[in-house]
Amino acid sequence: MSQVVAVTLMFTTVPGIEDIVIRELTIKGFTVYSWHRIGVSELSGRVIAEVEDNVLRSIRTFRTVEKAYLVLSEGEIPGRDYESLRKLINDLDVDPIVDLFTPHITFAVRSVRAGEHEFTSMDVARLLGERVREEVRRLRGFYPIVNLDAPDLVIELDIIGDRYVLAIELIHRSLRQRRYRVYHHEATLNPPLAYAMNIMLNYDRYGNYILLDPLAGSGTIIIEGLHHYVRSMYYGVEIYRYNCAGALRNIVEAGVHDRACMICSDSTRLSNFIRYCDGIVTNPPYGIRMKTIDESIRRFYMKILREFARVLRDGGRAVVITPRRGLLEHAARVSGLEIVERRDVEQGGMISSVYVLSR
Ligand SMILES: C[S@@+](CC[C@H](N)C(=O)[O-])C[C@H]1O[C@@H](n2cnc3c(N)ncnc32)[C@H](O)[C@@H]1O
């Protein structure tokens, strides 16, 4: 019988969806023994999880994750001044790191620091870099090569509030950069967030649903949704022909075109050309970064939410992201859609809310 080994990993993600990273892992059948957020606020974008070791083989398949690290140690810092930082770094067990070096491996130390401290993240990286170099020299007989631009090995020491995490980077390139993106939209949703919104629909991953993004832009929500709902069909509606064509290019590039359909039309008249859907996931224009067509944003929200209520099946859900909370909540109420969940997320440098609405 093979023995299950637990490893501790740190994942970074969109601030606000840390728990959905864990939901993705469990939905996909991996065992999570324990997990917690780290950060000075709820929206830290960092989660540490003790998981079964076969997660390591599948890390690149997780779609709500941006980066992943193997955690070597985690704990409290001795204090917030420079001398305490020195003490912390001198006391760290760096032997597992020293063992990874050969004379040709280059390395860099990176640090994220949040909270009040009398040292900077540069101090953290410099002091740990010096310690690693000296330990490799002492135990292995050579000085390792520092390469800050393209290192083979990235050591991360994060100091967040009164806690530290020492870890090794497992993925150099952020997973948020999807290879299917051949067409770029000016207001593209971050793909891990688009995937998380699909998870928030909370439907059976293997069910046969008809899903809809009525404001599809470049198709991010559709593509991410089809990766999650592997037997469902997704319709996208987009008013501009060039976005429709661009979304189709991305959809084909992602290899999900057999289950996707783009309609170039106006979603304020959605029920004229769509009769029914099981769920809606969408990212309406905010009226801050881009203009909607001819209408005030308030009337626009009223119209689309009323249309959502018309095409959604009884008990069906809609997941909508917007920073325009007042507009969304008012339009949902007037349209008879119940708000069953709301969470704040950081998106493009501002705080937006993701709503789950039920018909
Ligand atoms: C915030 S963007 C969506 C971006 C998309 N989630 C992505 O990742 O590419 C909103 C989109 O809604 C489209 N749109 C605005 N008004 C519309 C309408 N009445 N009917 C259909 N699409 C509309 C805009 O052209 C824009 O592409």
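Helices, taken as H or I runs of at least four residues, and strands, taken as E runs of at least two, are DSSP runs that are numbered from the N terminus. On that basis the secondary structure of the chain comes to 10 helices and 16 strands. The model is a predicted one, and its C-alpha trace spans about 75 × 45 × 40 Å along the principal axes. Of the 359 residues in the chain, 41% count as buried, and among the contacts between residues at least 6 apart in sequence, 75% join residues at least 24 apart.

**The seven-stranded sheet**

- An open sheet of 7 strands, with mixed pairing, runs in the order β12-β11-β10-β13-β14-β16-β15. Its edge strands are β12 (260-264) and β15 (338-347), each of which pairs on one side only.
- Neighbouring strands of this sheet are turned against each other by 15 degrees on average, with direction ignored.
- Within the sheet, strand β10 (residues 210-213) pairs with strand β13 (residues 277-282) in the parallel sense over 2 bridges, and Leu 212 has Ile 280 in β13 as its bridge partner.
- Helix α8 (residues 241-253) packs on the sheet and touches β11 (233-238) and β12, and the direction of α8 makes about 170 degrees with that of β12.

**The hairpin of β15 and β16**

- Strand β15 is joined by 9 bridges to strand β16 (residues 350-358), and the two run antiparallel; in this pairing Arg 342 stands opposite Tyr 355 in β16.
- The two strands form a hairpin with 2 residues between them, and Gly 348, in the turn, has a positive phi of about 60 degrees.
- Gly 348 counts as partly exposed because 13 other C-beta atoms lie within 10 Å, a number between the limits of 12 or fewer for exposed and 20 or more for buried.
- Although Gly 348 and Leu 189 are 159 residues apart in sequence, they are 8.5 Å apart in space, C-alpha to C-alpha.

**Helix α8**

- At 1.5 Å a residue, the 13 residues of α8 should span 18 Å, and this agrees with the end C-alpha atoms, which are 18 Å apart.
- The buried residues of α8 are Asn 243, Cys 244, Gly 246, Ala 247, Leu 248, Asn 250 and Ile 251, and what covers them includes α7, β11 and β12.
- An α-helix has 3.6 residues a turn, so residues three or four places apart point the same way. In α8, the buried residues include Cys 244, Ala 247 and Ile 251.
- After α8 comes Gly 255, which has a positive phi, near 75 degrees.

- Strand β1 (residues 6-12) is joined to β3 by 7 bridges, and the two run antiparallel; the bridge partner of Met 10 in β3 is Ile 48.
- Strand β1 also pairs with strand β4 (residues 67-76) in the antiparallel sense, over 4 bridges, and here the bridge partner of Leu 9 in β4 is Leu 70.
- Glu 42 lies in the loop between β2 (32-37) and β3 (46-52). Glu 42 counts as exposed because it has 11 C-beta neighbours inside 10 Å.
- Glu 42 and Ala 196 are 154 residues apart in sequence and 17 Å apart in space, C-alpha to C-alpha.

Conventions
Residues numbered from 1 in each chain as written. Predicted model: local features only at pLDDT ≥ 70, side-chain atom pairs only at ≥ 80, totals over all residues. Pairing = 2+ DSSP bridges. Axes fitted to C-alpha atoms, helices over the stretch in contact; angles between N-to-C directions. Contact = placed C-beta atoms within 7 Å. Expected span 1.5 Å × (residues − 1).
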